[in-house]
Amino acid sequence: MPNVSDALVQARGLRKRFGSFEAVRGIDVDVARGEVFGFLGPNGAGKSSTMRMIACVSPRTEGSLQVLGMDPGSDGPRIRARIGVVPQLDNLDAELSVRENLEIYGRYFGLSRRHVRAKAAELLEFAQLAERAGDPVEPLSGGMKRRLTIARSLVNDPELLLLDEPTTGLDPQARHLLWDRLYRLKRDGVTQIITTHYMDEAEQLCDRLVVMDGGVIVAEGSPTELIERYSTREVLELRFTPEARPEAGVLEPLVDRVEELPDRFLLYTADGERAQAELARAGLTPLSALVRRSSLEDVFLRLTGRTLVD
Amino acid sequence: MTSPTTPGMPAPPQVPPILRMLPAGGYAGRSRMLLLRSATASRRTWMAFVSGFFEPVFYLIAMGQGLGSLVGELPGPGGEMISYAAFIAPGLLAASAMNGAVFDSTYNVFFKLKYARLYDAMLATPLGPVDIALGEIGWALIRGGLYATGFLSVMAAFGLLTSPWALLALPAALVVAFAFAAIGMAATSFMRSWQDFDLVTLAILPMFLFATTFYPLSVYPRWLQLVVGCLPLFHAVELMRALTTGAVHLGLLGHLAYFLVMIALGITVAARRLDVLLLK
């Protein structure tokens, strides 16, 4: 099939309106086979609306959208047969056991009883839930439920996996375990689209990402590229007591750029140590000073003037 | 590149003509998978089944045997005298078909729709709103059928089935349950909160009490007879009473037609509304 392009998802001028509110305001997206693609942005940026359109459960208002080379508007069921969806809120079937959640879900795809039984056993191992197979879903921890939801999304061997804020609300240990599973899937060649408002998650998982804000894409690239393009190598974070807090203008000559946040200053510079030394020479004594590497958080702040997680 | 279709994954079926009026792409032909899901889930909630069976039986004993000893006999639909228990039993059969179907298609569906988000999960698969509507209505129907079978057995044991036509009361109960489930699900799709369910009770309870379940239509003045004659449960009771007492006539087809219209209307509205609610 020579005309099949490498783009699993291709959007041009994609828009979504709910009444008078426009959640997605004309975005272009290309997701290539095998990559992990991220939508990064704060709540209300239009990430989930975009995901729902790609998942063929929300008709687009305007623009073109191709998923697996098909149109979600007319080929929804055919596309959904080949993708896996991990929604933002777990919607496991509380009336079924852990194993039944996988088996019955597989049956919705029209898979045979024998096929789903073998698949469920394999996925229970993958999700580290084999010991809980016969248990009801409700007593499972948040991390276990999330892993089960991800296992469920894999029951049809999807070519494309959509994960909407996969680790929101999980403790650090559960997040790392989940990231590890997602990394294994990537290694197995499963294309993934992830939305997140966690910078570390985007940096850990995504090969390429777009930063969304107010329904539009404000930047696009790999995490490293974005940091290089929109930030400096290092950041000096300063906290002052209210009495000793200087004007931002005093700090600006010392570094490339200064961001003033309610509780601290962020000083962008190639060399944080040197900036800290100059600070001392200028007679400024912060309550605390911390030099760190730039992250996507800084990219976001630069692009939108706001922090991601308030 | 090889075909990316997963092995064992059948192609979506042809849409039967009658379903063409429903939302496009909304039917994968797998509503039986919802039945499978409900059957699997019900293994843990079998108590609900038991209580659903006993409710009309308790009414039959309390009213039919207890109150019936004071009432004595009264004329049945064919004009012959029958016991009070034989009079109300078909009414209770109709009412239990209604109650079971309404409960399943309102409370249970609303919970899955708004709280469990089960349908959202299903719509992420090739299943469409029509599969969901048919599957849930179908399950309400199966439950209704089991209750009707149980209650008809009790009626037989009490000697309240006096005609071979009574065998048709079972399929008739299924039609009635189907109609109430379809309308119930359509109504549920408009519900905003649990408060709205008071309206369901407000519709169901008076119908149960006044739609000739416990006494004949002739006790009402003419104008009230016309009002009661429009109620769905009235048609269900008429149908059941004629069948269990053997007073069968062609007019029963009119009652049947009433329910067929309810079914068509209910499914169409339910599937369209699910489409609007879930696929926004």
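Predicted model: local features only at pLDDT ≥ 70, side-chain atom pairs only at ≥ 80, totals over all residues.
Two strands are taken to pair if DSSP finds at least two bridges between them.

**The three-stranded sheet of chain A**

In chain A, strand 1 (residues 7–18) and strand 4 meet this condition, pairing in the antiparallel sense over five bridges. Within that pairing, A:A11 stands opposite A:L65 of strand 4. The two strands belong to an open sheet of three strands in chain A, with the order 2-1-4 and antiparallel pairing. Strand 2 (21–32) and strand 4 (62–67) of chain A are its edge strands, each of which pairs on one side only. On average, neighbouring strands of this sheet are turned by 15° against each other, with direction ignored. Helix 1 (residues 47–54) of chain A lies across strand 1, strand 2 and strand 4 of chain A, and it runs at about 120° to strand 1 of chain A.

**The six-stranded sheet of chain A**

A further open sheet of chain A has six strands in the order 5-6-7-3-8-9, and its pairing is mixed. Strand 5 (83–86) and strand 9 (216–221) of chain A stand at the edges with a single partner strand each, so one side of each is left without a neighbour in the sheet. From one strand to the next, the twist averages 15°.

The bridge partner of A:G84 in strand 6 of chain A is A:L161. Helix 5 (residues 142–153) of chain A packs on the sheet and touches strand 5 and strand 6 of chain A; the direction of the helix makes about 165° with that of strand 5 of chain A.

Helix 1 of chain A also lies across strands of this sheet, namely strand 3 (36–40), strand 5, strand 6, strand 7 (191–196) and strand 8 (208–213) of chain A, running at about 150° to strand 7 of chain A.

The domain assignment divides chain A into domain 1 (7–222) and domain 2 (232–293). The C-alpha centres of domain 1 of chain A and domain 2 of chain A lie 40 Å apart.

Why is strand 12 (residues 265–269) of chain A described as largely enclosed by the rest of the structure? Five of the five residues of this strand are buried, where buried means under 20% relative accessible area. From strand 12 of chain A, A:F265, A:L267 and A:T269 point one way, whereas A:L266 and A:Y268 point the other way.

| Strand paired with strand 12 of chain A | Sense | Bridges |
|---|---|---|
| Strand 10 (residues 234–239) of chain A | antiparallel | five bridges |
| Strand 11 (residues 257–260) of chain A | antiparallel | four bridges |

In strand 12 of chain A, A:Y268 is the bridge partner of A:V235, and A:L267 is the bridge partner of A:V258. Strand 11 and strand 12 of chain A form a hairpin, with four residues between them. A:Y268 also takes part in a contact with a charge: the charged end of A:R257 sits over the ring of A:Y268, 4.2 Å from its centre.

Over all chains, a search of the whole structure finds 19 aromatic pairs. One of these is the stacked pair of B:F111 and B:Y115, at 6.0 Å centre to centre and with 20° between the planes. Both residues lie in helix 3 (residues 84–115) of chain B, four residues apart, about one turn of the helix. B:F111 is partly exposed, with a relative accessible area of 43%, and B:Y115 is likewise partly exposed, at 47%. The two belong to one aromatic cluster together with B:F103, B:Y107, B:F110, B:W194 and B:F197. Elsewhere in chain B, B:R273 lies over the face of B:F190, at 4.2 Å from the ring centre.

**Helix 1 of chain B**

In helix 1 (residues 32–42) of chain B, the residues B:M33, B:L34, B:R37, B:S38, B:T40, B:A41 and B:S42 are buried. The buried residues of this helix pack against helix 3 (98–108) of chain A, together with helix 2 (46–71), helix 3, helix 4 (118–123) and helix 5 (129–157) of chain B.

Definitions and conventions: Residues numbered from 1 in each chain as written. Chains lettered and ligands numbered in written order. Heavy atoms only, no water. Axes fitted to C-alpha atoms, helices over the stretch in contact; angles between N-to-C directions. Contact = heavy atoms within 4.5 Å. Phe/Tyr/Trp six-rings, centres within 6.5 Å; stacked < 30°, edge-to-face > 60°. Buried < 20%, exposed > 50% of the residue type's maximum accessible area, 1.4 Å probe, protein only. Lys NZ or Arg CZ within 6 Å of the ring centre and 35° of its normal. Domains from an automatic or database assignment.
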